[in-house]
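Visitor: I would like to learn how to read a structure like this one. Please take me through it feature by feature.

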Amino acid sequence: MKIALLGYGKMGKTIEEIALNRDHEIVLKIEEDIDTYEIDKMEIDVAIDFSVPKAAFKNITTCFKNNIPVVCGTTGWLDDYEKAVEICKKEDSAFIYASNFSVGVNLFFELNKKLAKMMNGMDDYAVEIEEIHHTQKQDAPSGTAISLAQQIVTENVKKNSWQLDHAAADEIPIKAKRIEDVPGTHTVSYKSKIDSIEIMHTANSRQGFALGAVIAAEWLKDKKGIFTMQDVLSSQF
Ligand SMILES: NC(=O)C1=CN([C@@H]2O[C@H](COP(=O)(O)OP(=O)(O)OC[C@H]3O[C@@H](n4cnc5c(N)ncnc54)[C@H](OP(=O)(O)O)[C@@H]3O)[C@@H](O)[C@H]2O)C=CC1
Ligand SMILES: O=C(O)C1=N[C@H](C(=O)O)C[C@H](O)C1
């Protein structure tokens, strides 16, 4: 498979290593404005975007306009997600966005949904999310923490949204910590005077995110439409 890497930082480099080990070819590495590169003249099977929040929307939609399917892991640009989906549909292209491509985190998401369903109505417990990432991270809270919060909101009748730090009664507080070299740790806790319940996912490296993104790209290559990591994993496991 011929892969274009949109973003060649920590994740782009880890994805390259995994893609080469799985016999794919990296035909393009983009590190600046996508218009600088002549992607319309290139043969690309799939693009994988792990860039920066301000570049993701343009990168993704430029690929759709050139009939290139896109796997996107960049976080912090989701105000434009629906617009990207519309453009993908109009161009009859293919798209997967996931706040987290690791298989472990996607299992953790399922656990989070189950626990949220069980805790709905347990009013003595206060729910909170904490995420810890490396100090270079541009966005806060993390995309994964937002996904966890959205999953809880779907299950909990008393919570309508999330808020960084100080939350109102109908909001889930998210604490974002930045500590050097941490790849990504997420904790969901329910605390009462009597006891606490916590679930936690700790990434030990970036390998899990990168492997998940390459698996998603292999899955997406010849498809059309809008998909999620759940679609990918339910067809694999
Ligand atoms: N969904 C998931 O599973 C995961 C998502 N992420 C997300 O992926 C993104 C990238 O993370 P990470 O690799 O750690 O970040 P890095 O900062 O290491 O890499 C981002 C790269 O994008 C480059 N870049 C800047 N402008 C553009 C542009 N216009 N087009 C393409 N690339 C550009 C940067 O170049 P320069 O440094 O020169 O500006 C940099 O090399 C983040 O949003 C992060 O939250 C990370 C891990 C997992
Ligand atoms: O920036 C990162 O590094 C990560 N970003 C993603 C997020 O915002 O959730 C996923 C992972 O936690 C690493």
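Visitor: Which polar backbone atom lies 2.9 Å from an oxygen atom of ligand 2?

Guide: The model is predicted. A polar contact is a pair of N or O atoms within 3.5 Å. In this case a polar backbone atom of G143 is 2.9 Å from an oxygen atom of ligand 2.

Visitor: Which side chains have a polar atom by an oxygen atom of ligand 2?

Guide: One is K137, with a polar side-chain atom 2.7 Å from an oxygen atom of the ligand. Another is T75, where an N or O atom in the side chain is 3.4 Å from an oxygen atom of ligand 2.

Visitor: How much of the accessible area of ligand 2 does the protein cover?

Guide: On its own, ligand 2 has 320 Å² of accessible area, and the protein covers 86% of that. The residues that surround ligand 2 include S99, N100, H133, H134, P183, H186 and F209.

Visitor: How many residues surround ligand 1, and which are the closest?

Guide: Ligand 1 is surrounded by 24 residues, and the closest are K10, M11, T75, F101 and K137.

Visitor: Which backbone atoms lie by a nitrogen atom of ligand 1?

Guide: A polar backbone atom of S99 is 3.0 Å from a nitrogen atom of ligand 1. For I30, a backbone N or O atom lies 3.4 Å from a nitrogen atom of this ligand. An oxygen atom of ligand 1 is also 3.5 Å from a polar backbone atom of G9. Of the 920 Å² of accessible area that ligand 1 has on its own, the protein covers 76%.

Visitor: Now the helices. What describes two packed helices?

Guide: The angle between their axes and the distance between the axes describe them. Take helix α2 (residues 53-65) and helix α3 (residues 81-90): their axes come within 9 Å and cross at roughly 10 degrees. Angles under 35 degrees count as roughly parallel, so α2 is roughly parallel to α3.

Visitor: Which residues of α2 and α3 meet?

Guide: From α2 come F57, T61, F64 and K65, which meet K83, A84, I87 and C88 of α3. By class, five residues of this contact are nonpolar, one is polar and two are charged.

Visitor: At what angle do the axes of α4 and α7 cross?

Guide: The axes of helix α4 (residues 103-119) and helix α7 (residues 229-236) cross at roughly 105 degrees and come within 11 Å. Therefore α4 is roughly perpendicular to α7. V103, N106, E110 and K113 of α4 make the contact with M229, Q230 and L233 of α7. That contact has three nonpolar, two polar and two charged residues.

Notes:
Residues are numbered from 1 along each chain as its sequence is written. Chains are lettered from A and ligands numbered from 1 in the order in which they are written. This is a predicted model: local features need pLDDT of at least 70, side-chain atom pairs count only at pLDDT 80 or more; totals for chains, interfaces and linings use all residues. Side-chain values use heavy atoms; hydrogens and water are left out. Axes are lines fitted to C-alpha atoms, for helices over the stretch in contact, and angles run from 0 to 180 degrees between N-to-C directions. Helices (H or I, at least four residues) and strands (E, at least two) are DSSP runs, numbered from the N terminus. Angles under 35 degrees count as roughly parallel, over 145 as roughly antiparallel, 65 to 115 as roughly perpendicular and the rest as oblique. Contact means heavy atoms within 4.5 Å. Ala, Val, Leu, Ile, Met, Phe, Trp, Tyr, Cys and Pro count as nonpolar, Asp, Glu, Lys and Arg as charged, and the others, Gly among them, as polar. A residue is near a molecule or strand if one of its heavy atoms lies within 4 Å of it. A polar contact is a pair of N or O atoms within 3.5 Å; within protein, one must be able to donate a hydrogen and the other to accept it, and residues adjacent in sequence count only if both atoms are side-chain atoms. Accessible areas come from the Shrake-Rupley method with a 1.4 Å probe; for residues, only the protein chains shown count as cover.
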